[in-house]
Amino acid sequence: FLFNLYWNYRQMVSCNELLGRDEFSWLTWFLLILLTCGIYHFFYQYKMGAAINEIQDGLDLPVTEGLPVLSVVAAILGVGIVADCIHQYELNRLDA
């Protein structure tokens, strides 16, 4: 659980750097997850997938179609870690 919190933090930092703006805030994300009993995390998963697609498009790389929806579906099915793994894979590809 603690590692996943850190992992999401690092993904947010990476996305913010690649986007060139402060799109994600770990503290806001964490507080909203607590306040909404986890529902906000579904929105975050979609937003993270969309941000990765935006970065891919901005770098003229192939965009991973359906990434935002796939992220939400994985989170709804209770395997949010799969969405995190996919996000990490896509972020690693951007840095390669």
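Visitor: Where does Cys-37 lie?
Guide: In the loop between helix H2 (26-35) and helix H3 (39-58). Helices here are DSSP runs of H or I, at least four residues, strands are runs of E, at least two, and both are numbered from the N terminus.

Visitor: What kind of structure is this?
Guide: This is a predicted model, where local features need pLDDT of at least 70, side-chain atom pairs count only at pLDDT 80 or more, and totals for chains, interfaces and linings use all residues. Residues are numbered from 1 along each chain as its sequence is written, and side-chain values use heavy atoms, with hydrogens and water left out.

Visitor: Why is Cys-37 called exposed?
Guide: Its relative accessibility is 72%. Buried means under 20% relative accessible area, exposed means over 50%, and partly exposed lies in between (1.4 Å probe, protein chains only). The value of 72% is over 50%, so Cys-37 counts as exposed.

Visitor: What is the phi of Cys-37?
Guide: Positive, about 55°, although Cys-37 is not a glycine. Asp-60 also has a positive phi of about 55° and is not a glycine.

Visitor: Where is Asp-60, and is it buried or exposed?
Guide: Asp-60 sits in the loop between H3 and H4. With 72% relative accessibility, it counts as exposed.

Visitor: What makes Ser-71 count as buried?
Guide: Its relative accessible area is 2%. That is under 20%, so the word is buried. Ser-71 is in helix H4 (residues 67-76).

Visitor: Which residues is Ser-71 in contact with, neighbours within four places in sequence aside?
Guide: Gln-45, Gly-49, Ala-83 and His-87. Contact means heavy atoms within 4.5 Å.

Visitor: Why is Tyr-44 called buried?
Guide: Tyr-44, in helix H3, has 1% relative accessibility. Since 1% is under 20%, Tyr-44 is buried. Leaving aside neighbours within four places in sequence, its contacts are Asn-8, Gln-11, Met-12, Phe-24 and Trp-29.

Visitor: How do you know that Arg-21 and Glu-54 form a salt bridge?
Guide: Their closest N and O atoms are 3.0 Å apart. A salt bridge is a side-chain nitrogen of Lys or Arg within 4 Å of a carboxyl oxygen of Asp or Glu. The distance of 3.0 Å is within 4 Å, so the pair qualifies.

Visitor: What does this pair link?
Guide: Distant parts of the chain. Arg-21 is in the loop between helix H1 (2-19) and H2, Glu-54 is in helix H3, and they are 33 residues apart.

Visitor: What makes Glu-23 and Lys-47 a salt bridge?
Guide: N to O, the distance is 3.8 Å. That is within 4 Å, so they qualify. Glu-23 lies in the loop between H1 and H2 and Lys-47 in helix H3, so the pair ties together parts that are 24 residues apart in sequence.

Visitor: How many salt bridges are found in the whole structure?
Guide: Four. One of them joins Glu-90 and Arg-93, with closest N and O atoms 3.1 Å apart.

Visitor: What separates Glu-90 from Arg-93?
Guide: About one helical turn, because they are three residues apart in helix H5 (residues 80-95).

Visitor: Are Glu-90 and Arg-93 buried or partly exposed?
Guide: Glu-90, at 4%, is under 20% and so buried. Arg-93, at 39%, falls between 20% and 50% and so is partly exposed.

Visitor: Which residues are joined into one network?
Guide: Arg-21, Glu-23, Lys-47 and Glu-54, through salt bridges that share partners.
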